[in-house]
Amino acid sequence: MPRKRRSPDDRDGVLVIDKPAGPTSHDVVQAVRRAAGQRRVGHTGTLDPPATGVLVVCLGRATRLVQYLQAGHKTYAAQMVLGVVTSTQDAEGEVLARVPARGIDERRVCEALTRFQGELLQVPPMVSAVKVAGERLHERARRGEEVERDARPVTVHDLVLDAYDDSDPDHPRVSFLVTCSAGTYVRTLAHDVGAELGVGASLTSLRRVANGPFTVDEAHDLDAVRDAGANGVLDRLLLRPEEAIARALPTVDVDDPDLALALTQGKPALAAQGRTGDYAVRHGGHLLGVFADRGPGARSQLVWTRPEELAPRVAPDPADAARSAPVDDPTDSGRAAP
């Protein structure tokens, strides 16, 4: 299939959105497409419809950066109810069991949370986008099927109690903050903590407060995005791709214009930088690409700037040079004006 050409009018940038409860992540992407007037838009990590908070959306060529922008840790503010087990592990599902949790107190909850920090094996929920035998689990769950799922490694970097509300002593509500690796299911974490306490639990609310280096403090709500699109000022809300990738990856600056040009041509001209993992390479503040050390040299993972885009920066336009050169003024006699 021929590759679809990019419109020259497409914007390239990253938009941090505060997703409301209700719409899917795809709905948010569609809203951004309409506001921007362009098709090439994608996001860096799904939030379920009931969840709110940071959804990072990439526009235009910035969609090529998704894999690097989505790799960072996620931080969530969440709440679970003890003694209530559901089919989806959150409030959207059918209640499967109700168990009085009067014997649970704040100290026992803290002790249980401590046991769920570090590297864990987590079985993804049936209502999830994980594929088994080529089919997404939620599609099988919709048919009433339950299949065996392999546990997957995840990392919980931090998990702390934020509030404990036992105004309903049979079903206390536990608010907690969790920072975890990409791919961690917080509702499964709540489910497993409830099982550890012997009463079960399900997630009642979830808000992503940070997605890697992007936080809810800088996020724009959908109405602001729609208004900016209607008024032709959407660019004011965008982070430049160079700025976004510099938050997510370490950066290396290249001063030599010949080396910069060679890198845009895909040549293996950069020496190893002694770094682990991917890093962004810039020239004059402009992103050239993403590289990783391979033996004595650096290998390009993504070439961002094309040679023709770099040329004006490394080789001044002769016409510009002519315009900026001093010109003898035949009317200038060297005298001061009267």
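**Figure 1. Gln 89 is a buried residue, with a relative accessible area of 10%.** Buried stands for under 20% relative accessible area, exposed for over 50%, and partly exposed for what lies in between (1.4 Å probe, protein chains only). Gln 89 sits in the loop between β5 (84-86) and β6 (95-98). Its phi is positive, about 70°, although Gln 89 is not a glycine. Helices (H or I, at least four residues) and strands (E, at least two) are DSSP runs, numbered from the N terminus. The model is predicted: local features need pLDDT of at least 70 and side-chain atom pairs count only at pLDDT 80 or more, while totals for chains, interfaces and linings use all residues. Residues are numbered from 1 along each chain as its sequence is written, and side-chain values use heavy atoms, with hydrogens and water left out.

**Figure 2. Helix α1 covers residues 25-36.** The 12 residues of α1 should span 16 Å at 1.5 Å a residue, and this agrees with the 17 Å between its end C-alpha atoms. The expected span is 1.5 Å times one less than the number of residues in the helix. Buried residues of α1 are Ser 25, Val 28, Val 29, Ala 31, Val 32, Arg 33, Ala 35 and Ala 36. Their cover includes β1 (13-19), β2 (41-43), β3 (52-59) and α6 (222-230). After α1 comes Gly 37, with a positive phi near 70°.

**Figure 3. The largest pocket has a volume of about 1000 Å³.** Of the 37 residues lining this pocket, Thr 46, Leu 47, Asp 48, Tyr 185 and Arg 187 are the closest to its centre. At least two lining residues are supplied by each of α1, β4 (74-82), α5 (186-197) and β12 (201-211). The largest share, five residues, comes from β12. By class, the lining holds 14 nonpolar, 16 polar and seven charged residues. Nonpolar here covers Ala, Val, Leu, Ile, Met, Phe, Trp, Tyr, Cys and Pro; charged covers Asp, Glu, Lys and Arg; the others, Gly among them, are polar. A pocket is an open set of points on a 1 Å grid over the protein atoms alone, where a 1.4 Å probe fits, with protein on both sides within 12 Å along at least five of seven lines; lining residues have an atom within 4 Å of a point. Grid points are joined across faces, edges and corners, and the volume is the space filled by probe spheres set on them.

**Figure 4. Arg 299 lies in strand β17 (residues 297-303).** Arg 299 counts as exposed, at 51% relative accessibility. Leaving out residues up to four places away in sequence, Arg 299 touches Val 290, Phe 291, Ala 292 and Arg 294; a contact means heavy atoms within 4.5 Å. Leu 263 is 36 residues from Arg 299 in sequence, and their C-alpha atoms are 9.7 Å apart.

**Figure 5. Glu 148 is found in the loop between α4 (137-142) and β10 (152-165).** Glu 148 is exposed, with a relative accessible area of 73%. Between Glu 148 and Val 132 the C-alpha distance is 8.9 Å, at a sequence separation of 16 residues.

**Figure 6. Cys 58 and Cys 180 are both buried.** The relative accessible area of Cys 58 is 0%, and that of Cys 180 is 0%. The structure holds zero disulfides (pairs of cysteine sulfur atoms within 2.5 Å).
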